[in-house]
Amino acid sequence: MSGVWVFKNGVFRLVENPQAEVSDRHGKGSSSKRKMLVHLPTGEVVSSYAFLEQILTGLGWERYYDGDPDLYQFHKHSSIDLISLPKDFSKFNSINMYDIVIKNPNVFHVRDK
């Protein structure tokens with residue numbers, strides 16, 4: 001992971017290309033690359049929440065239904081970790097991907113498309 005970690009509104013996030021983000025704020029467009037989440041044991045790209053849920057369930061994660069109804073959430077009984085994802089898969093972004101990678105070491109990897 002390369003880039004700059006930014007703390008804003010109580011949340012840390014990785015800005016992979018800080019110059020591009022500055023340009024985005026000024027309406028000049030983005031040169032950042034899209035990312036994809038890869039399941040390392042199979043080499044498959046995670047292309048849906050159904051596929052992701054299947055993998056996470058196999059790793060001991062369970063759906064969490066008591067949280068925000070606008071989020072798709074998973075938790076593990078053996079930890080305090082919670083994975084929170086936007087309900088709409090088209091809004092699944094690199095921040096969500098890195099959250100999954102950090103909480104599941106050696107299982108997932110984020111790559112450029």
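Where does Asn 106 lie? In this predicted model, Asn 106 sits in the loop between helix 3 and strand 8.

## The overall picture

The protein is built from three helices and eight strands. Going along the sequence, these follow the pattern β-β-α-β-β-α-β-β-β-α-β. There are 113 residues in the protein, and 30% of them are buried. If you take the contacts between residues at least 6 apart in sequence, 38% join residues at least 24 apart.

## Strands and how they pair

Start with the hairpin of strand 1 and strand 2, which has two residues between the strands. Strand 1 and strand 2 run antiparallel and are joined by five bridges.

Next, find the open sheet of three strands, which has the order 4-3-8 and antiparallel pairing. Its edge strands are strand 4 (44-45) and strand 8, each of which pairs on one side only. Strand 3 (residues 35-39) is joined to strand 8 by five bridges, and the two run antiparallel. Here Lys 35 has Asp 112 in strand 8 as its bridge partner. As background, strands of a sheet pair through backbone hydrogen bonds, either parallel or antiparallel.

## The nonpolar core

Which residues of the largest nonpolar core touch the most other members? They are Leu 37, Leu 52, Leu 85, Ile 100 and Phe 108, out of 20 residues in this core. The elements that give two or more residues to this core are helix 2 (49-58), strand 6 (71-75), strand 7 (82-86), helix 3 and strand 8 (108-112). Helix 2 provides the largest share, five residues. In soluble globular proteins, nonpolar side chains tend to be buried together.

Leu 56, found in helix 2, is buried, with a relative accessible area of 0%. Not counting residues up to four places away in sequence, Leu 56 touches Trp 61, Phe 74, Ile 83, Asn 104 and Phe 108.

## Two asparagines in one loop

Now back to the loop between helix 3 and strand 8, where Asn 104 is also found. Is Asn 104 buried or exposed? Asn 104 counts as buried because its relative accessible area is 4%, and the cut-off for buried is under 20%. Asn 106, by comparison, is exposed, with a relative accessible area of 71%.

Asn 104 touches Leu 56, Leu 59, Trp 61 and Ile 83, not counting residues up to four places away in sequence. The pair Leu 56 and Asn 104 are 48 residues apart in sequence and 8.9 Å apart in space, C-alpha to C-alpha.

Asn 106 has another feature: its phi is near 65°, a positive value in a residue other than glycine. Most residues other than glycine have a negative phi.

## A buried histidine

His 75 counts as buried because its relative accessibility is 17%, and buried means under 20%. Leaving out residues up to four places away in sequence, His 75 touches Gly 60, Trp 61, Glu 62, Arg 63, Tyr 64, Asp 81 and Leu 82.

| Residue | Relative accessible area |
|---|---|
| Leu 56 | 0% |
| Asn 104 | 4% |
| His 75 | 17% |
| Asn 106 | 71% |

## The second largest pocket

Finally, turn to the second largest pocket, which holds about 290 Å³ of space. It is lined by 13 residues, and Val 11, Phe 12, Arg 13, Ile 95 and Asp 99 lie nearest its centre. The elements that give two or more residues to this lining are strand 1 (4-8), strand 2 (11-15) and helix 3 (94-103). Helix 3 gives the most, with six residues. By type, the lining divides into seven nonpolar, two polar and four charged residues.

Conventions: Residues are numbered from 1 along each chain as its sequence is written. This is a predicted model: local features need pLDDT of at least 70, side-chain atom pairs count only at pLDDT 80 or more; totals for chains, interfaces and linings use all residues. Side-chain values use heavy atoms; hydrogens and water are left out. On a 1 Å grid over the protein atoms alone, a cavity is a set of points where a 1.4 Å probe fits but cannot get out, and a pocket is an open set with protein on both sides within 12 Å along at least five of seven lines; lining residues have an atom within 4 Å of a point. Grid points are joined across faces, edges and corners, and a volume is the space filled by probe spheres set on the points. Helices (H or I, at least four residues) and strands (E, at least two) are DSSP runs, numbered from the N terminus. Ala, Val, Leu, Ile, Met, Phe, Trp, Tyr, Cys and Pro count as nonpolar, Asp, Glu, Lys and Arg as charged, and the others, Gly among them, as polar. A nonpolar core is a set of buried Ala, Val, Leu, Ile, Met, Phe, Trp, Tyr and Cys residues joined through side-chain atoms within 4.5 Å. Buried means under 20% relative accessible area, exposed over 50%, partly exposed in between (1.4 Å probe, protein chains only). Contact means heavy atoms within 4.5 Å. Two strands pair if DSSP finds at least two bridges between them.
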